[in-house]
Amino acid sequence: MSWKIKRRLREQLEREQGYFSFPTGTRRAFALVYPNSYFVGMSNLGLHIIYDLLNRRGDTACERFFLPSDEEQREHERTGTPLLSLENQQPLHRFSLIGFAVSFEMDYFNLLRILQLGKVKLLAAERGEQDAIVLAGGPCATFNPEPLSLFVDAFVIGEGEVVMPALMDAYDAAVRQGLSRAELLRALSKVEGVYVPSLYAHDYDASGRLCAIRPAAGAPSRVTRQWVRDLDEFPAHTVVVTDDTEFNLYLIETARGCGRHCRFCMAGYCFRQPRNRSLKVLEKEVQEAKKYEKRIGLMGAAISDYPEIDALCRDILAENLGMSVASFRADSVTEELVASLSRSGLRTITLAPEAGSVRMRKIINKGIEEEHLRHTVDLALQAGIRQFRLYLMIGLPYEEEEDIKAIVDMTVRLHEHIRAKKEHAQITLSINPFIPKPFTPFQWLPMADEKWVKDAMKTIRKGLAPYRSIRIIAESPKSAYVQGVLARGDRRVARALHRAFLAGGAKSFKRALKEEGLSFADFLQVRHAEDAVFPWDALDMGFPKQYLYRELQRAAALQYTKPCFSGCTRCGVCDTMEERHVSAQT
């Protein structure tokens, strides 16, 4: 056992405020794991929510684990020290429940590394009666758990505040009854929102296409996503305060879900319906944040869409606190919001037009026009903000060369608009290859090939080269294609992921796929038939698959879909969830 590792963990804990600590053995131990560094993980609000939820149960001690740095990993290996928890420096393999919060596909490799460092068997099928039950939740688990199905015993589908209390109660009951591991997993599968992959068989046809998903006897035919109906019942904010985070903010969630119907956005479909917290609850959380004297980071799909954003800004500034937001909608931004951000020291405004042409924005149903961008830029310049970041995608469905050139033209027009006001500003384009994600209208379509993506980037760089105040940041196409396979893959990808991890990680992934008789094209270059079976079809997001296909047809026809509104019945989420809520109450 390395005292150096233990000392580092204790020193990290000493720099925190608000953590929970219970004597070892007095409560059931739950390992909450973020498959990335402490610096990144402690900026994840979902981690704080589940940590607080579990520790406030009278029977659970939730302790945190993170991916150590490369140097620390070498120390673990050199000394034979297993991965240790932050709170009590307990080995990961001693926890009976291990829960991963998974937000990004590229962290799948880190998940396996953490199990390895923690001396936990990688493959679920090889774990015995005395081994931990490994859980996973978060966006990646909700959208497509199959690439992790070899390693994770059970997935939380939806929002943890609803699922975790019932899951923990079911686990406790199973342990008291002395159930075997297989019986325990069957018991967990009875909990709404819990998906146990070992209870579902995937069938393939002669061409290698997934053709059926068969639940075992007694398993639900589909697992229904769970979500919080009233956010005020579950305040979401920073619980453990530390300076050692990516953002160094006190995070407060204003709203959850989005009803804008952007056709590329997985979160927009899978976290419906849109819900807002009351201003009264948010004001209480602002008061809680005050004692830490940190800037407040407002979290939500689109902060500017929060109906009482101006009042919330006034409340934050009245307490002499600063504030920050990740991004907001250019068509709903207010002068008071921009002014408040400027007063708080924010120097960069982030906007997401996603595409340069009107045609392309109609296809993806973005609803942002250049006049909205110019208006927001004007508000920012007036408030003294001189840096702008624009999120854009290339390789979108039905994209043509003119749509790529339109990105250049739109950026130049915005640049000239700023110059006409005799202002100097920096424009940064953050450009990513588009990945057609599960549970979106574009799930039937292929990802653009690598040559198209590279040629598009060349066009954009060449077109904007004369402008020194315009900067371009672009994601590597190679990384995007790995991410795409992990996002859209089936259980065969889990085997390739395992093989790649043992061979060295993400750099070995393409070769590992080939060794499994697969390729990137098998998952990214296929245009699926309307009745195709997807790996994620055992999950129910609350709306029918046909609804998404109609949206795909509307995209091809350049038809606009209005945002969610009161009384809307288009996708069926609100009706379906209301029926289930009433049924549960009765």
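In the predicted model, Trp444, Phe534, Trp536 and Tyr549 come together as one aromatic cluster. Across the whole structure, a search identifies 17 aromatic pairs. One of these is formed by phenylalanine 143 and phenylalanine 271, whose rings adopt an edge-to-face arrangement, with a centre-to-centre distance of 5.9 Å and an angle of 70° between the planes. This pair connects distant parts of the chain, the two residues being 128 residues apart. Phenylalanine 143 belongs to helix H6 (residues 139-143), whereas phenylalanine 271 lies in the loop between helix H9 (266-270) and strand E12 (275-276). Phenylalanine 143 and phenylalanine 271 are both buried.

A further pair involves phenylalanine 509 and phenylalanine 520. The planes of these two rings meet at 40° and their centres are 6.4 Å apart, so the pair is classed as tilted. This assignment follows because planes under 30 degrees apart count as stacked and those over 60 as edge-to-face, the rest being tilted. Burial applies to both phenylalanine 509 and phenylalanine 520.

Charged side chains are also found over aromatic rings. The ring of phenylalanine 520, which pairs with phenylalanine 509, additionally has the charged end of lysine 510 over it, at 5.8 Å from the ring centre. Elsewhere, the charged end of arginine 64 is positioned over the ring of tyrosine 51, at 4.9 Å from the centre of that ring.

Note on methods
Residues are numbered from 1 along each chain as its sequence is written. This is a predicted model: local features need pLDDT of at least 70, side-chain atom pairs count only at pLDDT 80 or more; totals for chains, interfaces and linings use all residues. Side-chain values use heavy atoms; hydrogens and water are left out. Rings of Phe, Tyr and Trp (its six-membered ring) pair if their centres lie within 6.5 Å; planes under 30 degrees apart count as stacked, over 60 as edge-to-face and the rest as tilted. Helices (H or I, at least four residues) and strands (E, at least two) are DSSP runs, numbered from the N terminus. Buried means under 20% relative accessible area, exposed over 50%, partly exposed in between (1.4 Å probe, protein chains only). A charge sits over a ring if NZ of Lys or CZ of Arg is within 6 Å of the ring centre and within 35 degrees of the ring normal.
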